[in-house]
Amino acid sequence: MDELDLRFSVTYRHRILFVEDAFAPACPALAGLVGEGRVLPLVDAGLAEARPGLRAEIVAHAAARGMRLTREPLVLTGGEAAKRDTAVVKAVLAAIETDGLCRHSYVLAVGGGAFLDAVGFAVATAHRGLRLIRMPSTTLGQADAGVGVKNGINTFGKKNFTGAFAVPAAVVNDLRLLASLDLPRRREGLVEAVKVAVLKDPAFLAALEAEAPALRAGDLPAVGRAVRRSAELHARHIAEGGDPFELGSARPLDLGHWAAHRLESLTAHRMSHGEAVAVGLALDTLCARDLGLLPAGDAARILRLLAALGFRTYAPELHLDGGKALIEGLEEFREHLGGRLTLVLPAGIGSPTEVHALDPARVRAAADELRALDSAPCAARS
Ligand SMILES: NC(=O)c1ccc[n+]([C@@H]2O[C@H](COP(=O)([O-])OP(=O)(O)OC[C@H]3O[C@@H](n4cnc5c(N)ncnc54)[C@H](O)[C@@H]3O)[C@@H](O)[C@H]2O)c1
Ligand SMILES: [Zn+2]
């Protein structure tokens, strides 16, 4: 037997810029990132509709800053529909091919987390990877999905089944992009901020509690502050957590996500990711309490904060088929991560721990409790 066993490592840079208005003529952020490079601009259709002047603003901004756009911004389907089939992926690949982009060119993608997931997958595969600048345009995107290194689409009825890890050239979190979101969407992404605060940062959780009234009202500066810290915690976890491409069996930031992913597919995505995570987070919180990991006071605090931010913490699908449909989500989650089932649960605020099994009876009891809380009068919940 003969063997060559070589090792090498590659250093990645993960840059996230926070700006107030990236397309204002005076903002130097984008031009500073792309320099002389050619840029293919892509815009989420939902965003383009909500902010009709955006395409012209992008063109004017590029002209003012000397950026080399390959065409006027191309508008493509956004939302979960972007991930449902391969249409968006193919359209991006076709535009890259038509415009003759090389591996030193940039794709500037402006849109929600789903749009960025689909576009990012195409960009990661064209010429085996072009430079991508992600500009998340939802709160959830700026607080979590958009600042990560994962891309993908849903295939075979499974979320993110086909995808790739690819570190973007940069992420630009532009606060003004959030201005065109309706109120529910504007606060929806805050659930990822609550999640990461519960796992990693007690002071951040207290700050979210203090700002809850402003956040619930969709106050943009308050949302911007929550997004800033959430993005930082998520990005630091990727860059400094030791497993950026999730080679292990654990996903330490995925509190509440096994149930959330299941709820998204059980509702055929009528529930958005954020809405589903709020329910999943509440469910895992109660399971953690009942396992004796999380003090009851902390569990109540988490549920109170979710309610204060305007989240519903129950979905009837938790009880579909006597709860069996939900429980199947555990195996689906295990399969997606690979290896042994590993769930992260809070053992106190800021103290995550891993468990490798959840008793279905315990999950059912937690779902029952959430149903009871949901139907209780509001006064009883506060
Ligand atoms: N890659 C990751 O690491 C990661 C992490 C978490 C979640 N995700 C994925 O992100 C997706 C959810 O993303 P999302 O919450 O951003 O929602 P979304 O991308 O589904 O967007 C929601 C809707 O808002 C529209 N929209 C986007 N920006 C807008 C704006 N500024 N104004 C008005 N409308 C706008 C979209 O067109 C869409 O209709 C899910 O597919 C989820 O799986 C990915
Ligand atoms: Zn999430």
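**Legends to the close-up views**

**View 1. The two domains of the predicted model.** The C-alpha centres of domain 1 and domain 2 lie 28 Å apart in this predicted model, the domain bounds coming from an automatic or database domain assignment. The protein chain is divided into domain 1 (16–180) and domain 2 (183–237 + 250–381), and the contact (C-beta atoms, placed from the backbone, within 7 Å) takes 18 residues from domain 1 and 23 residues from domain 2. In this predicted model, local features need pLDDT of at least 70 and side-chain atom pairs count only at pLDDT 80 or more, whereas totals for chains, interfaces and linings use all residues. Residues are numbered from 1 along each chain as its sequence is written, while chains are lettered from A and ligands numbered from 1 in the order in which they are written.

**View 2. The shell around ligand 1.** Ligand 1 is surrounded by 29 residues (C-beta atom, placed from the backbone, within 6 Å), the closest being Gly46, Gly78, Gly79, Gly112 and Gly113. Because domain 1 (16–180) and domain 2 (183–237 + 250–381) both give residues to this shell, ligand 1 lies between them. By class, the shell has nine nonpolar, 13 polar and seven charged residues, where Ala, Val, Leu, Ile, Met, Phe, Trp, Tyr, Cys and Pro count as nonpolar, Asp, Glu, Lys and Arg as charged, and the others, Gly among them, as polar.

View 3. Helix H2 (45–50), helix H6 (113–125), helix H7 (139–143) and helix H13 (273–290) each supply at least two residues of the shell around ligand 1, helices being DSSP runs (H or I, at least four residues) numbered from the N terminus.

How values were computed:
Two residues are in contact if their C-beta atoms, placed from the backbone, lie within 7 Å.
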